[in-house]
Amino acid sequence: MELEKVQDIASAVLAAGTLPAQFIRQETEQPGITTVKGQTLAVPVVDFSNPDQHSVIQAIDDASRHWGMFQIINHNIPNEAIAHLQAVGKEFFELPTEEKEVYAKPPGSKSVEGYGTKLQKEVGGKKDWVDHLFHIIWPPSAINFKFWPQKPPSYRAANEEYRKHLHGVVDKLFRSLSLGLGLEEHELKQSSGGDDLVYLMKINYYPPCPRPDLALGVAPHTDMSVITILVPNDVQGLQAFKDGHWYDVNYIPNALVIHIGDQIEILSNGKYKSVLHRTTVNKEKARISWPVFLEPPAEFEVGPHPKLVNEDNPPKFKTKKYGEYAYCKLNKIPQ
């Protein structure tokens with residue numbers, strides 16, 4: 001077994017109301033102290049069904065420059081497909097630990113795929129209050145079904161159904177971002193891996209926490225992906241850093257939360273911003289989220305797009321293989 005899972009720790013400590021020391025954040029990070037109270041952040045909302053495509057592109061461009069995140073409504077993914085995805089993910093995490101361990105990330109694996117709790121180098125020995133499951137859902141050549149739970153039985157069908165509908169959202173996002181940057185509509189996706197773009201599903205499971213004022217589900221970070229498309233459950237937890245403060249992000253049922261990732265910031269040469277965000281936890285309820293990280297293949301090189309660089313605007317980032325970028329990010333090595 002890799003490490004004791006947070007879900008098991010939570011079961012042991014909830015009744016006592018105490019939090020193990022490794023989960024207690026420094027005061028500068030404790031959500032009880034650092035969250036702006038009584039105010040949710042109304043991040044931009046983009047109506048994907050708006051027939052005025054210029055308006056959609058403009059809204060996405062503005063949100064990507066000034067926020068690094070936005071929410072999409074009327075995205076054409078049926079509510080039933082989202083509900084099914086959520087139901088099977090929740091059911092998996094409610095299985096006994098030994099049944100989930102069948103899908104554990106293999107020791108020493110260079111891939112993130114599998115069930116686990118530790119993802120990256122921990123700073124100051126502090127742990128996140130979260131367990132997770134990673135597996136690739138696209139392209140078919142990259143899928144390893146040994147990391148897809150067989151319980152509940154409809155797990156695979158639910159993920160495949162969601163993925164089927166996700167393609168249209170992905171293509172429209174890339175087109176809009178590309179046009180917003182003044183590129184041809186296909187160029188940004190092409191520079192992110194094109195048809196080899198990897199869709200990496202993650203389920204974050206944040207069990208109830210006895211002291212949510214002291215712990216974090218996930219510490220402050222930006223996503224190393226190109227774009228992240230996230231479905232949360234209805235338990236508040238996502239926070240964004242805006243104007244020097246941490247705010248809860250408003251929850252909109254069945255909306256998709258979009259994070260601009262590091263690779264778009266690099267490709268846009270800094271015009272679009274990768275959003276700094278974190279996750280808080282709840283004393284009474286489990287929070288669960290389903291981000292899909294859109295990533296280039298490991299050997300694919302990403303750097304500022306040539307059309308967005310000139311003498312007056314030189315490259316602000318190095319060009320490097322995505323696999324190298326990810327390794328440095330997870331191990332806290334400067335890029």
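This is a predicted model: local features need pLDDT of at least 70, side-chain atom pairs count only at pLDDT 80 or more; totals for chains, interfaces and linings use all residues.
Figure 1. Arg25 is buried, with a relative accessible area of 5%. Its side chain meets that of Glu29 in a salt bridge, at an N to O distance of 3.2 Å. Glu29, by contrast, is partly exposed, its relative accessible area being 24%. Asp128 joins Arg25 and Glu29 in a network of salt bridges. A search of the whole structure returns 13 salt bridges.

Figure 2. Lys164 and Glu161 both belong to helix α6, which spans residues 155-180. The two residues are three positions apart, about one turn of the helix, and their side chains form a salt bridge with an N to O distance of 3.3 Å. Glu161 is partly exposed, at 32% relative accessible area. A further salt bridge links the side chains of Lys189 and Asp171 at 2.8 Å, N to O. Because Lys189 lies in helix α7 (residues 187-190) and Asp171 in helix α6, this pair ties together parts that are 18 residues apart in sequence. Asp171 has a relative accessibility of 30% and thus counts as partly exposed.

**Figure 3. Lys242, a buried lysine without a salt bridge.** Lys242 is located in strand β9, residues 238-242. The nearest side chain of opposite charge is that of Asp243, 4.6 Å away; a salt bridge is not assigned here because the criterion requires the nitrogen and the carboxyl oxygen to be within 4 Å. Leaving aside residues up to four places away in sequence, Lys242 touches Leu41, His66, Trp67 and Tyr247.

**Figure 4. Strand β5 and its antiparallel neighbours.** Strand β5 comprises residues 131-138 and is mostly covered, with seven of its eight residues buried. Strand β4 (residues 114-116) runs antiparallel to β5 and is joined to it by three bridges. Strand β6 (residues 198-206) also pairs with β5 in the antiparallel sense, over seven bridges. Leu133 in β5 stands opposite Tyr115, and Leu133 also stands opposite Ile203 in β6.

Figure 5. Helix α3 has 14 residues, numbered 53-66, and reaches 20 Å from its first C-alpha to its last. This span is close to the 20 Å expected at 1.5 Å a residue. The buried residues of α3 are Val56, Ile57, Ile60, Asp61, Ala63 and Ser64.

Figure 6. Most residues other than glycine have a negative phi, and most peptide bonds are trans. The peptide bond from Trp138 to Pro139 is cis, with omega near 0°. Lys151 and Pro152 are likewise joined by a cis peptide bond, for which omega is about -5°. Pro139 is situated in the loop between β5 and α6, and Pro152 lies in the loop between β5 and α6 as well. Asp243, although not a glycine, has a positive phi of about 55°. Asp243 occupies the loop between β9 and β10 (245-249) and is exposed, with a relative accessible area of 66%. Lys332, also not a glycine, has a positive phi of about 55°. Lys332 is found in the segment after α9 (322-330) and counts as partly exposed at 40% relative accessibility.

Methods:
Residues are numbered from 1 along each chain as its sequence is written. Side-chain values use heavy atoms; hydrogens and water are left out. Helices (H or I, at least four residues) and strands (E, at least two) are DSSP runs, numbered from the N terminus. Buried means under 20% relative accessible area, exposed over 50%, partly exposed in between (1.4 Å probe, protein chains only). Lys and Arg count as positive and Asp and Glu as negative; His and the chain ends are not counted. Contact means heavy atoms within 4.5 Å. Two strands pair if DSSP finds at least two bridges between them. The expected span of a helix is 1.5 Å times one less than its number of residues.
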